Amino acid sequence: MTHSTYRRQLLLTSVLLPAMLVPAAARSQAPGNADLPRLEGTDAQDRPVRLSNLRGRVVLVFYWHTGCAVCRDKMHELRANLVGWQGQAFSLLGVNSDVRKQDWLDYERLVASAVPPAQRFSSIWRGDASTVDTMEPPTQWPSACLIDKGGRLVARYRGRIPAQAWDDIAGLL
């Protein structure tokens, strides 16, 4: 194999092939692309929630369900960061993936009675027919998507949210 053939194969396997394996939905979210992710639904009080209304803010979209122990465990960290960034252009938006809507509603009622208002964030139920979510559905819980101030999807986190995610958010603020 010649040196130039080896370099072409290396380029193909290390740069081009991984880029081709990125899902089309993720590629369409590249900076500068007019196709911004859409997320719309209603909260537990039937108020409309739209990701587009949060443009100008950094948004962490948190996918979870009540049966996920790791998801529930993460809520304290999410709420602490939400309070820590009060006054900053940061929002947290939950997307519940419970099979039964009642499970989500019961959880939201518990939050409303036990969690201080400054630590609460909007949450929608993914199973509602009116919910629109153009981001790829999560394949594991918890999952999160980071949206920049321009409304672009800039990162995905699967499983526990890594410490780096909070650094990423701080860098976007």
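## The largest pocket

Helix H4 gives four residues to the lining of the largest pocket, the largest share of that lining. Helices (H or I, at least four residues) and strands (E, at least two) are DSSP runs, numbered from the N terminus. On a 1 Å grid over the protein atoms alone, a pocket is an open set of points with protein on both sides within 12 Å along at least five of seven lines, while a cavity is a set where a 1.4 Å probe fits but cannot get out; lining residues have an atom within 4 Å of a point. The pocket is lined by 14 residues, and Gln45, Glu108, Arg120, Phe121 and Ser122 lie nearest its centre. Two or more lining residues come from each of H4 and strand E5 (122-125).

The volume of this pocket is about 200 Å³. A volume is the space filled by probe spheres set on the grid points, which are joined across faces, edges and corners. By class, the lining has six nonpolar, three polar and five charged residues. Ala, Val, Leu, Ile, Met, Phe, Trp, Tyr, Cys and Pro count as nonpolar, Asp, Glu, Lys and Arg as charged, and the others, Gly among them, as polar.

## The model and its fold

This is a predicted model, in which local features need pLDDT of at least 70, side-chain atom pairs count only at pLDDT 80 or more, and totals for chains, interfaces and linings use all residues. Residues are numbered from 1 along each chain as its sequence is written, and side-chain values use heavy atoms, with hydrogens and water left out.

The protein has five helices and eight strands, in the order α-α-β-β-β-α-β-α-β-β-β-β-α from the N terminus. Of its 173 residues, 36% are buried (under 20% relative accessible area; exposed is over 50%, partly exposed in between; 1.4 Å probe, protein chains only). Contact means heavy atoms within 4.5 Å. Among contacts between residues at least 6 apart in sequence, 69% join residues at least 24 apart.

## Nonpolar cores

A nonpolar core is a set of buried Ala, Val, Leu, Ile, Met, Phe, Trp, Tyr and Cys residues joined through side-chain atoms within 4.5 Å. The largest has 27 residues, and those with the most contacts inside it are Leu60, Leu78, Phe90, Ile161, Trp166 and Ile169. Elements that give two or more residues to this core include strand E3 (58-64), helix H3 (69-84) and helix H5 (163-172). Apart from it lies another core of 13 residues, with Val49, Leu51, Val61 and Met135 among them.

Leaving aside neighbours within four places in sequence, Leu60 is in contact with residues including Leu78, Phe90, Cys145, Tyr157 and Trp166.

## Cavities

The whole structure holds two cavities of 30 Å³ or more. About 60 Å³ of space lies in the largest cavity, whose lining residues include Tyr63, Glu136, Cys145 and Arg156. E7 and E8 each give two or more residues to this lining.

The second largest cavity has a volume of about 50 Å³. Its lining includes Pro37, Leu51, Arg55 and Gly151; by class, it has five nonpolar, two polar and three charged residues.

## Glycine 151

Gly151 is found in the loop between E7 and E8 and is buried, with a relative accessible area of 7%. Leaving aside neighbours within four places in sequence, Gly151 is in contact with Leu36, Pro37 and Arg55. Gly151 and Leu51 are 100 residues apart in sequence, while their C-alpha atoms are 7.9 Å apart in space.
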